[in-house]
Amino acid sequence: YYEYRNVLYGNHKRNLLDLTLPKNKTNGLVLFIHGGSWLSGNKDGYFNDITMWCQEYGFASCAINYRYILSSYSYRDILKDIDNALYKVKELGKSKSLDLNKVLLTGHSAGGHLSLLYSYKMMSTAPITPTCVVNLSGPTDLTDPNYFKGKENIKVTALFSLLTKDLITYSNNNRKAQVLLDASPVSYITNYSVPTITAHGVMDSVVPYSNAIILHEYLNKNNVENILIPFENSDHGLE
């Protein structure tokens, strides 16, 4: 395997990726996107585990950092980061005579959301074509009423405001439904969407388990191959 660490793929200091490429041939690419509520987290804690699995099965492996939403960046900017990272990976593959033409996207929490959103929304334009997505506890429908219940709703609305760059509050979330749907993976599901696996804790206190159910109801309605794996006794971390 060729190994690359902290390769710059864009103009921002967080536009960094780690990558391994098989030296002879590859069965495709696995791209991992870290979680952290879109405003924290790092690729470094995941890359070694992903690489071990990918090397066993003949896959190239990649983990990326992306721009946080704390400043002027929204989810749209992060989707551009994923796009640019895939362009860079394809370029590095070509330099080693490897044609990377399919990618499985996966990630936890915010990374699951981004994996789903990119795979469904950007499938036809992606530099490496998404062919499957594995979602670990990711948000899927930001209009789910369960987000706006209880004492945590102020944190949720503040986070969704940062994500969309539109003011979302407890009192206006119904009026802002289209803004929230634009950032929701379920909005982009069609009959041509990629096969999807979700693992989600039934006891999740961060992303309601109802989000997983909603996602897979949409996938079933559109006859998309999918598997939902409930972790009956798990919270958000699938522990």
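Is K43 buried or exposed, at 1% relative accessibility? K43 counts as buried. Buried means under 20% relative accessible area, exposed means over 50%, and partly exposed lies in between (1.4 Å probe, protein chains only).

This is a predicted model: local features need pLDDT of at least 70, side-chain atom pairs count only at pLDDT 80 or more, and totals for chains, interfaces and linings use all residues. Residues are numbered from 1 along each chain as its sequence is written, and side-chain values use heavy atoms, with hydrogens and water left out.

**Overall fold**

- The chain has six helices and eight strands. Both are DSSP runs, numbered from the N terminus: helices are H or I with at least four residues, strands are E with at least two.
- Along the sequence, the pattern reads β-β-β-α-β-α-β-α-β-α-α-β-α-β.
- The radius of gyration is 17 Å, close to the 18 Å that the globule rule gives for 239 residues, so the chain is as compact as a globular protein of that length. The radius is taken over C-alpha atoms, and the rule is 2.2 Å times the number of residues to the power 0.38.
- Of the 239 residues, 54% count as buried.

**Salt bridges**

- Side chains of opposite charge can pair when their charged atoms come close.
- The whole structure holds seven salt bridges. Each is a side-chain nitrogen of Lys or Arg within 4 Å of a carboxyl oxygen of Asp or Glu.
- K43 pairs with D44, and their closest N and O atoms are 2.9 Å apart.
- A network of salt bridges links D18, K43 and D44.
- R67 pairs with D81, again with closest N and O atoms 2.9 Å apart. R67 sits in the loop between β4 (60-64) and α2 (75-95) and D81 in helix α2, so the pair ties together parts 14 residues apart in sequence.
- R67 is buried, at 14% relative accessible area. D81 is buried too, at 1%.
- E91 pairs with K88, with closest N and O atoms 3.3 Å apart. The two are three residues apart in helix α2, so about one helical turn separates them.
- E91 is partly exposed, at 47% relative accessible area.

- T106 belongs to strand β5 (residues 102-108).
- T106 is buried, with a relative accessible area of 10%.
- Leaving out residues up to four places away in sequence, T106 touches V30, L31, F32, I33, S115, V134 and L136. Contact means heavy atoms within 4.5 Å.
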